[in-house]
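Walk me through this structure.

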Amino acid sequence: MRRNKQFIYLLLLSGFVVFNSACAQNPPFTGKAYVQEEKAVELSTVLLNNEKQVIPLQNLDVAKIASIHFSSTYNAAFDSLLNKYTKVQPFNGNDYLGVKTLDALSLDTKFYTTLIVQLTDADLNNPQIIDFISTNQKLKSVVVSLLGSAASLVKLNDITAPVLWSARLSPVSAMFSAQAIFGGVAVTQKLTRTYTPKYKNGVGFLTSKTRLQYTVPEDAGIKTDNLSEIDKIAKEAIRSQATPGCVVMVIKDGKVIFNKAYGYHTYENEIPDRITDIFDVASMTKISATTMETMQLYDQGKLALDSTTSTYLALARKSNIKTLTVRELLEHQAGLIPDIQTFGKIKPTDYSVDSSANFPTKVNENYYLRKNYFEQVMWPDMLNSPVKTRGQYVYSDVGMCIMQQIVETITSTPINNYVQQQFYNPLGMQTAGYLPLNRFPTNRIPPTEDDKKDRHTLIDGYVHDPTAALMGGVAGHAGLFASANDIGILYQMMLNRGTYGGIQYIKPETVDLFSSKQSAVSRRGLGFDRWDPIPEHKYPSELASNQAYGHTGFTGTCVWVDPKYGLVYVFLSNRVHPNVSSKLGSLNIRPRIQDAIYQAITKGM
């Protein structure tokens with residue numbers, strides 16, 4: 001019975017099981033037994049043959065990884081956990097033990113750079129499997145995960161590939177091994193006995209935790225039942241039609257302890273929200289793309305905070321914005337208007353229902369903008385934007401559009417390509433990016449507004465923000481789409497002060513600078529929104545610490561990092577479907593969920 005419960009939990013954690021439209025990570029029972037088993041697994045897990053430091057796996061942006069199982073009972077959950085870190089393609093090795101041979105499996109996996117092979121005692125009674133590993137380890141990177149006896153370990157004596165061995169056969173050991181391969185958990189043990197001259201007492205390689213771990217709340221000192229308030233608030237939001245659905249993720253001390261989806265993509269209740277859904281995060285783009293790139297360029301000495309726009313942009317030198325500094329733009333104190341005119345300025349000759357050389361910019365299905373519209377209309381409007389309130393805090397999308405032009409000029413690279421190559425891909429963020437329909441079907445993307453006024457269509461997979469839409473979906477202030485897991489990875493990197501997976505993406509002092517309060521006239525940092533010192537505002541929530549930083553998004557999203565509590569909180573929704581509504585805000589759904597998390601942390605076990 002205990003093993004069955006653990007297996008159910010593992011499936012829940014992996015996002016396989018659906019209960020009333022909610023894909024749940026969290027189990028419907030206490031996690032204390034799970035934590036005890038996990039500790040026992042840790043004490044029984046040893047990493048061998050890791051002289052080349054293959055584990056934890058690196059270079060996720062270029063690696064192509066396959067996972068092969070034979071008789072493993074827990075392969076589905078094992079593979080699902082692997083896919084939390086990067087895309088891993090599963091193969092059933094049993095399909096190659098009949099008419100098709102393991103030679104055919106070598107052929108079918110020839111384009112993969114890394115093979116993860118799951119083994120049990122039964123598998124190692126088959127010399128063909130050992131031969132398959134021996135052959136492939138000479139050609140590419142191979143990692144063996146063995147859940148089996150010492151006798152099976154002895155059979156791997158001649159294998160040179162890394163072997164992650166646990167004699168403890170349980171779903172928890174499968175989960176632990178999957179995460180250890182990517183550094184989600186640390187390997188802390190060495191062999192305590194001698195099995196062969198090669199595998200002898202004291203042999204083993206230790207690793208550090210460098211990426212997210214996926215576990216139960218009890219593993220972070222929080223009682224699962226104390227997070228049940230999240231369910232109540234999320235269901236209230238859906239019942240009140242503040243949003244058709246949402247996804248909530250809670251990361252405490254580098255551990256994902258809550259990741260749950262509620263409701264549906266629309267009020268027709270046809271597609272349930274899933275934890276893997278890809279949301280339009282709206283203004284979270286400002287910090288998740290533009291500010292990330294800005295910080296990296298600042299680190300490299302290619303961008304100075306007190307340089308003016310005219311330092312980087314030739315066309316700015318004879319414009320209204322010529323003396324505005326990067327710092328002012330990031331603080332929203334440049335005095336710029338919130339936004340420029342968008343669809344209201346479009347003329348019939350500016351767009352077409354068909355694409356062509358003259359109408360190349362896709363805004364939506366059957367809506368293509370004419371060539372150079374941004375350069376001829378939108379960019380001049382931004383350059384000539386009135387500067388009325390310089391030195392005061394006025395939130396402006398225009399400022400972040402100008403920042404986009406600055407960083408793209410410095411790097412000679414479109415912002416969407418830069419952040420994909422420098423952040424999202426190497427971090428293992430599988431869904432994050434602009435223009436999601438180039439990579440994903442619409443059934444993975446909750447729709448936003450049913451726009452009957454300007455675009456005359458349901459907006460699904462195209463950016464909701466009108467300015468970003470007319471810019472072709474790529475902008476400095478909006479346009480990013482991502483899953484909760486991807487947002488969690490990115491902001492765990494920030495909580496780690498710029499480091500993730502053993503890679504330093506941003507210098508610690510730069511993370512500290514940009515995320516800290518910068519001005520006497522506002523609460524904000526550089527790019528980042530922050531905790532509000534005015535008690536009545538209770539922003540971002542009543543219980544957030546004065547260290548909290550993050551951002552919200554117009555579509556009904558937010559991410560908040562609170563270093564004091566080792567916390568990353570992610571909330572994704574499509575509250576603007578089918579029409580823009582203020583209910584999510586008026587019901588304080590996002591702040592109340594955040595407070596429920598703090599309360600659970602305070603209560604402890």
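What follows is a tour of selected helices, contacts, ring pairs and backbone features.

This is a predicted model, in which local features need pLDDT of at least 70, side-chain atom pairs count only at pLDDT 80 or more, and totals for chains, interfaces and linings use all residues. Residues are numbered from 1 along each chain as its sequence is written, and side-chain values use heavy atoms, with hydrogens and water left out.

Start with helix α7, residues 171-182. Helices here are DSSP runs of H or I with at least four residues, strands are runs of E with at least two, and both are numbered from the N terminus. The twelve residues of α7 should span 16 Å at 1.5 Å a residue. The expected span is 1.5 Å times one less than the number of residues. The end C-alpha atoms of α7 are 18 Å apart, which agrees. This helix is mostly covered, with twelve of its twelve residues buried. Buried means under 20% relative accessible area, exposed means over 50%, and partly exposed lies in between (1.4 Å probe, protein chains only). Among the buried residues of α7 are Pro171, Met175, Phe176, Ile181 and Phe182. Just after the helix, Gly183 takes a positive phi of about 85°.

Ile181 leads on to strand β6. It is one of the residues in contact with Ile116, which lies in β6 (residues 114-119). Contact means heavy atoms within 4.5 Å. Neighbours within four places in sequence are left aside; the contacts of Ile116 then also include Leu57, Ile65, Ile68, Phe78, Leu82 and Val143. Ile116 is buried, with a relative accessible area of 0%.

Now move to Asn416. It is 300 residues from Ile116 along the chain, and their C-alpha atoms are separated by 31 Å. Asn416 is one of the buried residues of α14. Yet α14 has a kink of about 40°, centred on Gln421. The bend at a residue is the angle between axes fitted to the seven residues ending there and the seven starting there. The buried residues of α14 also include Tyr418, Val419, Phe423, Tyr424 and Leu427. What covers them includes α9 (285-299), α13 (397-411), α16 (484-495) and β19 (499-500). Gly428 follows the helix, with a positive phi near 85°.

Phe423 also belongs to the core. The largest nonpolar core has 120 residues, and those with the most contacts inside it are Phe423, Tyr491, Met493 and Met494. A nonpolar core is a set of buried Ala, Val, Leu, Ile, Met, Phe, Trp, Tyr and Cys residues joined through side-chain atoms within 4.5 Å. Take Tyr491. Beyond its neighbours within four places in sequence, it touches Met284, Ile287, Ser288, Met292, Phe528, Val559, Val561 and Val568.

Next, the rings. The whole structure holds twelve aromatic pairs. Rings of Phe, Tyr and Trp (its six-membered ring) pair if their centres lie within 6.5 Å; planes under 30 degrees apart count as stacked, over 60 as edge-to-face and the rest as tilted. Tyr85 and Tyr214 form an edge-to-face pair, 5.6 Å centre to centre with 85° between the planes. The pair links distant parts of the chain, 129 residues apart. Tyr85 sits in the loop between α3 (75-82) and β5 (88-92), and Tyr214 in strand β9 (residues 213-214). Both are buried.

The definition asks for NZ of Lys or CZ of Arg within 6 Å of the ring centre and within 35 degrees of the ring normal. The charged end of Lys64 is over the ring of Tyr112, 5.4 Å from its centre. Arg575 lies over the face of Phe554, at 4.5 Å from the ring centre.

Last, the backbone. The peptide bond from Ile55 to Pro56 is cis, with omega near 0°. Pro56 is in the loop between β3 (45-48) and β4 (65-69). Another cis bond joins Tyr539 and Pro540, with omega about 5°. Pro540 is in the loop between β21 (529-530) and β22 (549-553).
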